[in-house]
Amino acid sequence: MTPGKLAGLDVSRETMARLEAYAALVRKWNPRINLVSRKSLDALWERHIADSAQIYHLAGDAPNWLDLGSGGGFPGLVVAILATDLHPDRQVTLIESDTRKATFLRTAIRELGLSAQVLAERIEAAEPQRADILSARALTDLSGLLAFAERHLSESGLALFPKGASWKNELEPARAQWSFNLEAITSFTEPEAAILKIQGVARV
Ligand SMILES: C[S@@+](CC[C@H](N)C(=O)[O-])C[C@H]1O[C@@H](n2cnc3c(N)ncnc32)[C@H](O)[C@@H]1O
């Protein structure tokens with residue numbers, strides 16, 4: 001395994017090896033618990049790993065990262081893998097209420113030698129985490145994500161929400177309930193999609 005670039009990030013040989021080992025675990029467990037759709041498994045690296053990795057550099061150096069509805073670990077486990085090299089002191093927490101997926105996440109963390117933790121409970125019931133960085137991919141609409149941010153993001157924290165091509169349709173309903181500062185970054189892996197960078201979430 002050689003060092004390389006992943007979604008614009010310089011990635012060490014060790015990190016590439018961990019990402020490959022993680023991809024192998026997803027492929028091994030997927031037939032049993034459907035971590036990603038069977039169709040997208042063929043493009044696991046591009047559709048899920050690179051797509052997750054691209055949000056990493058948007059977070060700066062903030063120490064405490066919370067990923068909601070992590071499923072098979074996108075983007076939370078990819079973040080934890082990248083952090084082993086790039087921010088070894090970063091605390092990564094994943095919330096996933098499906099116990100089989102939470103078991104997969106804990107197994108991957110142990111086998112890959114990561115220090116992330118998994119909370120196997122519902123986001124709306126978990127103790128507020130006061131995260132510096134909050135991420136969630138393919139979880140719910142923007143209004144729902146902002147309600148989760150109100151519970152779990154610290155006052156000065158930053159939310160990073162990868163969104164598909166129709167993300168603009170979610171803006172108006174969200175603005176009716178919430179005020180927030182938004183910057184939309186074009187996705188590296190899909191030009192119509194965006195990563196929403198959100199701060200200052202408050203109810204209107
Ligand atoms: C569509 S999957 C997306 C998984 C992953 N983020 C990805 O992009 O591949 C949504 C995940 O969120 C979890 N989930 C949904 N609602 C949740 C809640 N209220 N609390 C905790 N986990 C939740 C589901 O169990 C599922 O694994």
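The crossing of helices α1 and α3 is right-handed; a crossing is called right-handed if the near helix is turned clockwise from the far one by less than a right angle, and left-handed if anticlockwise. The contact involves L19, A23 and V26 on the α1 side and L44, W45 and I49 on the α3 side, where two residues are in contact if their C-beta atoms, placed from the backbone, lie within 7 Å. These contact residues divide into 6 nonpolar, no polar and no charged. Here Ala, Val, Leu, Ile, Met, Phe, Trp, Tyr, Cys and Pro count as nonpolar, Asp, Glu, Lys and Arg as charged, and the others, Gly among them, as polar.

The model is a predicted one, in which local features need pLDDT of at least 70, side-chain atom pairs count only at pLDDT 80 or more, and totals for chains, interfaces and linings use all residues. Residues are numbered from 1 along each chain as its sequence is written. Helices (H or I, at least four residues) and strands (E, at least two) are DSSP runs, numbered from the N terminus.

Two packed helices are described by the angle between their axes and the distance between the axes. For α1 (residues 13-33) and α3 (residues 44-53), the axes come within 12 Å and cross at roughly 120 degrees. Axes are lines fitted to C-alpha atoms, for helices over the stretch in contact, and angles run from 0 to 180 degrees between N-to-C directions. Helices α1 and α3 are therefore oblique to each other. Angles under 35 degrees count as roughly parallel, over 145 as roughly antiparallel, 65 to 115 as roughly perpendicular and the rest as oblique.

Helix α1 also meets helix α5 (residues 99-112): their axes come within 11 Å and cross at roughly 155 degrees. The two helices, α1 and α5, are therefore roughly antiparallel to each other, and their crossing is right-handed. From α1 the contact draws on R18, A21, Y22, L25, W29 and I33, and from α5 on R100, K101, F104, A108, E111 and L112. By class, this contact of α1 with α5 has 8 nonpolar, no polar and 4 charged residues.

Helix α4 (residues 76-86) is mostly covered, with 8 of its 11 residues buried. A residue is buried if 20 or more other C-beta atoms lie within 10 Å of its own, exposed if 12 or fewer, and partly exposed in between, with C-beta atoms placed from the backbone. Among the buried residues of α4 are G76, L77 and V78. In the loop between β3 (64-68) and α4 lies P75, which is joined to F74 by a cis peptide bond with omega about 0 degrees.

Most residues other than glycine have a negative phi, and most peptide bonds are trans. A7, in the loop between β1 (4-6) and β2 (9-11), has a positive phi near 50 degrees. A7 counts as buried because 20 C-beta neighbours lie inside 10 Å. A138, in the loop between β6 (131-136) and α6 (142-152), has a positive phi near 55 degrees. A138 is exposed, because 11 other C-beta atoms lie within 10 Å.

The ligand has 17 residues around it, of which G69, G71, S97, D98 and R137 come nearest; a residue is near a molecule or strand if its C-beta atom, placed from the backbone, lies within 6 Å of it. The shell around the ligand has 6 nonpolar, 5 polar and 6 charged residues.
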